[in-house]
Amino acid sequence: MSGPQARPPFAGRIVQAVVIVFARFITATRGRWEGVAPIDEQRIYFANHVSHGDFVLIWTALPRRLRSRTRPVAGSDYWLKSSLRRFIGRDVFNAVLIDRNRDTRMDDPIVQMSDALDAGESLIVFPEGTRNTTEAPLLAFKSGLYHLATARRSVALVPVWIDNLNRVMPKGEFVPIPLICTVTFGAALHLGESEAKQAFLTRAEEALLALSPKANTL
């Protein structure tokens with residue numbers, strides 16, 4: 001990977017270290033690499049979405065050399081809602097903040113993410129578009145992942161399954177419950193030369209679901 005990477009401010013780096021220690025203490029985060037290795041390669045990590053802490057767990061599970069060049073993609077409506085969230089989103093995690101409201105957005109999310117990739121950074125994205133609070137293992141993917149893959153075909157797409165975080169941080173709860181969490185990284189995908197949007201999204205969903213513990217017990 002190449003390109004300039006702005007370092008977080010000093011306070012942000014201190015909070016980063018605290019977050020890593022806290023996340024590992026609460027969740028005993030375990031990163032599992034299946035069909036892919038933690039090498040210095042630019043990637044788009046796409047994961048299931050069950051909590052606002054999802055990207056923190058993925059970010060924590062990455063080796064330090066990859067973590068420093070990986071940015072989460074998150075909704076500006078949530079992360080700009082207060083000064084504390086703004087500090088965490090921008091200064092701690094250097095998130096790519098996108099406006100999820102089509103009526104109010106000023107910037108194209110695909111352009112924002114493409115610009116980050118062009119700067120040599122990797123991304124963490126959640127193709128479901130919102131947290132999954134249903135009994136279904138995964139919500140249908142929105143089209144954003146396809147459009148991003150189309151815009152930057154050379155970047156590897158790595159599925160990431162997060163297990164147990166919804167039990168650590170149940171919706172509406174402030175204090176996390178200590179539980180072991182696993183973050184499983186699967187084999188990378190690329191958009192086929194003439195692959196249709198729905199065929200690609202279905203393939204990406206299946207690759208992600210295949211990493212879930214339930215799928216591996218069938």
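In this predicted model, a polar atom of the E195 side chain lies 2.9 Å from the backbone nitrogen of G192. The side chain of E195 also makes a polar contact, at 2.8 Å, with the side chain of R203. E195 sits in the loop that runs between strand 7 (182–185) and helix 9 (197–209). Its relative accessibility is 19%, and because the limit for buried is under 20%, E195 counts as buried. Leaving out residues up to four places away in sequence, E195 touches Y146, H190, F200 and R203.

**The chain as a whole**

The protein chain has nine helices and seven strands. Of its 218 residues, 45% are buried. Among contacts with a separation of 6 or more, 75% are between residues 24 or more positions apart. The accessible surface comes to about 11300 Å², and carbon and sulfur atoms account for 56% of that surface.

Strand 2 (residues 43–47) is mostly covered, with five of its five residues buried. On one side these are R43, Y45 and A47, and on the other I44 and F46, so both faces of the strand are covered.

Strand 2 pairs with strand 6 (residues 156–163) in the parallel sense over five bridges. In that pairing I44 stands opposite L157. Strand 2 is also joined to strand 5 by three bridges, and these two strands run parallel. Here the bridge partner of F46 is V125 in strand 5.

S122 belongs to strand 5 (residues 122–125). At 1% relative accessibility, S122 counts as buried. Its side chain reaches the backbone nitrogen of R43 at 2.9 Å, and R43 is one of the buried residues of strand 2.

How many of the residues of helix 2 (residues 54–61) are buried? Eight of the eight are, so the helix is largely enclosed by the rest of the structure. The buried residues are D54, F55, V56, L57, I58, W59, T60 and A61.

Two of these, F55 and W59, belong to one aromatic cluster together with Y78, W79 and F93. The count of aromatic pairs comes to eight. One of them is W59 with F93, an edge-to-face pair with 5.1 Å centre to centre and 85° between the planes. W59 lies in helix 2 and F93 in the loop between helix 5 (83–92) and strand 4 (96–98), so the pair ties together parts that are 34 residues apart in sequence. Both W59 and F93 are buried.

Y146 and F200 form a tilted aromatic pair, at 6.1 Å centre to centre and with 55° between the planes. Y146 lies in helix 7 (residues 144–151) and F200 in helix 9, so this pair ties together parts that are 54 residues apart in sequence. Y146 is buried, with a relative accessible area of 16%, and F200 counts as buried at 1% relative accessibility. Y146 and F200 are both among the residues that E195 touches.

| Arginine | Ring | Distance from the ring centre |
|---|---|---|
| R67 | W59 | 5.5 Å |
| R85 | Y78 | 3.9 Å |

The two rings in the table, those of W59 and Y78, are members of the aromatic cluster named above.

**R100**

Y78 is also in contact with R100. R100 is found in the loop between strand 4 and helix 6 (109–118). At 40% relative accessibility, R100 counts as partly exposed. Setting aside neighbours within four places in sequence, its contacts are G75, D77, Y78, R105 and G129. With D77 there is a polar contact between side chains, at 2.8 Å. The C-alpha atoms of R100 and T130 are separated by 10.0 Å, and these two residues are 30 residues apart along the chain.

Key. Residues numbered from 1 in each chain as written. Predicted model: local features only at pLDDT ≥ 70, side-chain atom pairs only at ≥ 80, totals over all residues. Heavy atoms only, no water. Helix = DSSP H or I, 4+ residues; strand = E, 2+ residues; numbered from the N terminus. Buried < 20%, exposed > 50% of the residue type's maximum accessible area, 1.4 Å probe, protein only. Contact = heavy atoms within 4.5 Å. Areas by Shrake-Rupley, 256 points an atom, 1.4 Å probe, with all protein chains shown as cover. Polar contact = N/O pair within 3.5 Å; in protein donor to acceptor, adjacent residues only side chain to side chain. Phe/Tyr/Trp six-rings, centres within 6.5 Å; stacked < 30°, edge-to-face > 60°. Lys NZ or Arg CZ within 6 Å of the ring centre and 35° of its normal. Pairing = 2+ DSSP bridges.
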